[in-house]
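Biologist: Could you walk me through this one? I'd like to start with the overall layout and then go on to the details.

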Amino acid sequence: QEVQRLRFLIDDLYELSLSDIGGMRYEYRKTDLAVHLQSTLDAIRTRASERGIELNFTSESVSVEADQNRLDQLLQNLLANALDYTDAPGKIEVALYKSGDMAVLRVEDSAPGVGREDCEKLFEPLYRVESSRSRRTGGAGLGLAICRKIVEAHGGRISAAPSSLGGLCINIELPVV
């Protein structure tokens, strides 16, 4: 398990360094974000249920220009984080909608939460909140930094804030096609 954890850490560091030098490759094509997101949610629904986490999804059809592999990586990372850092019984709410010329994806989870002062720091490489969200699952603190790079490469924005559910709310805006 430790070797596997180190392998993931090395892979994440490699991807982050590639994105810093502009070396991550992207192949953009028109993608229905709702369909793509539903597929990712279906893949973790059983795991969420087994952990006592309720998973809710509301969406409308929104198309974006995206690299599907990087989009998968982004969505899987966000949902895995929400699942890993939500106490049971808990809730994860995912919403996708169009606002003007942007697709808005919001992932909110229930407790434990993150203080407002730590939210922006979550996207810094290796940053960890000193609380119950920090080392519980053995993450390295690179996932959200990679997410930011992917979102920015797609011309979007990502932010974090305390969730009304008691946990964390990640908000992503991507330009629509």
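**Layout, sheet and contacts**

Modeller: The protein has 5 helices and 7 strands, and please keep in mind that this is a predicted model. Going from the N terminus, the elements follow the order α-β-α-β-β-α-β-β-α-α-β-β.

Biologist: What percentage of the residues count as buried?

Modeller: Of the 177 residues in the protein, 44% count as buried. As for the contacts with a separation of 6 or more, 71% of them are between residues 24 or more positions apart.

Biologist: OK, the sheet. In what order do the strands come?

Modeller: The open sheet is formed by 5 strands in the order β2-β4-β5-β7-β6, and the pairing is mixed. β2, residues 53-59, and β6, residues 157-162, stand at the edges with a single partner strand each, so one side of each has no neighbour in the sheet. On average, neighbouring strands of this sheet are turned by 15° against each other, with direction ignored.

Biologist: And how many bridges join β6 to β7?

Modeller: There are 6 bridges joining β6 to β7, which spans residues 166-175, and the two strands run antiparallel. Within that pairing, A160 stands opposite I170 in β7. A salt bridge is also formed by the side chains of R157 and E173, at 2.2 Å from N to O. R157 lies in strand β6 and E173 in strand β7, so this pair ties together parts that are 16 residues apart in sequence.

Biologist: Switching to the helices, which strands does α2 lie across?

Modeller: Helix α2, residues 33-50, lies across β2, β4, β5 and β7, and runs at about 170° to β2. Helix α3, residues 68-84, also lies across β2, β4, β5 and β7, and its direction is at about 25° to β5.

Biologist: What about the core, which residues have the most contacts inside it?

Modeller: In the largest nonpolar core, which has 41 residues, those with the most contacts are L37, V94, I170 and I172. The element that gives the most to this core is α3, with 7 residues. If neighbours within four places in sequence are left aside, L37 is in contact with F57, L75, L79, V94, L96 and L105.

Biologist: Where do the axes of α3 and α5 stand relative to each other?

Modeller: The axes of α3 and α5 come within 10 Å and cross at roughly 145°, and the crossing is left-handed. On the α3 side the contact is made by R70, Q73, L74, N77, L78 and N81, while α5 contributes G143, L144, I146, C147, I150 and V151.

Biologist: Back to charges for a moment: how many salt bridges does the structure hold?

Modeller: The structure holds 7 salt bridges. In one of them R47 pairs with D84, with the closest N and O atoms 3.8 Å apart. That pair links distant parts of the chain, given that R47 is in helix α2 and D84 in helix α3, 37 residues apart.

Biologist: Is R47 itself buried, exposed or partly exposed, and which residues share its network?

Modeller: R47 has a relative accessible area of 33%, so it counts as partly exposed. Through salt bridges that share partners, R47, R51 and D84 are joined into one network.

Biologist: And which residue does R148 meet in a salt bridge?

Modeller: The side chain of R148 meets that of E120, at 2.5 Å from N to O. R148 is in helix α5, residues 143-153, and E120 is in the loop between α4 and α5, so the pair, 28 residues apart, links distant parts of the chain. E120 counts as partly exposed, at 44% relative accessibility.

Technical notes:
Residues are numbered from 1 along each chain as its sequence is written. This is a predicted model: local features need pLDDT of at least 70, side-chain atom pairs count only at pLDDT 80 or more; totals for chains, interfaces and linings use all residues. Side-chain values use heavy atoms; hydrogens and water are left out. Two strands pair if DSSP finds at least two bridges between them. Helices (H or I, at least four residues) and strands (E, at least two) are DSSP runs, numbered from the N terminus. Axes are lines fitted to C-alpha atoms, for helices over the stretch in contact, and angles run from 0 to 180 degrees between N-to-C directions. Contact means heavy atoms within 4.5 Å. A nonpolar core is a set of buried Ala, Val, Leu, Ile, Met, Phe, Trp, Tyr and Cys residues joined through side-chain atoms within 4.5 Å. Buried means under 20% relative accessible area, exposed over 50%, partly exposed in between (1.4 Å probe, protein chains only). A salt bridge is a side-chain nitrogen of Lys or Arg within 4 Å of a carboxyl oxygen of Asp or Glu. A crossing is left-handed if the near helix is turned anticlockwise from the far one by less than a right angle, and right-handed if clockwise.
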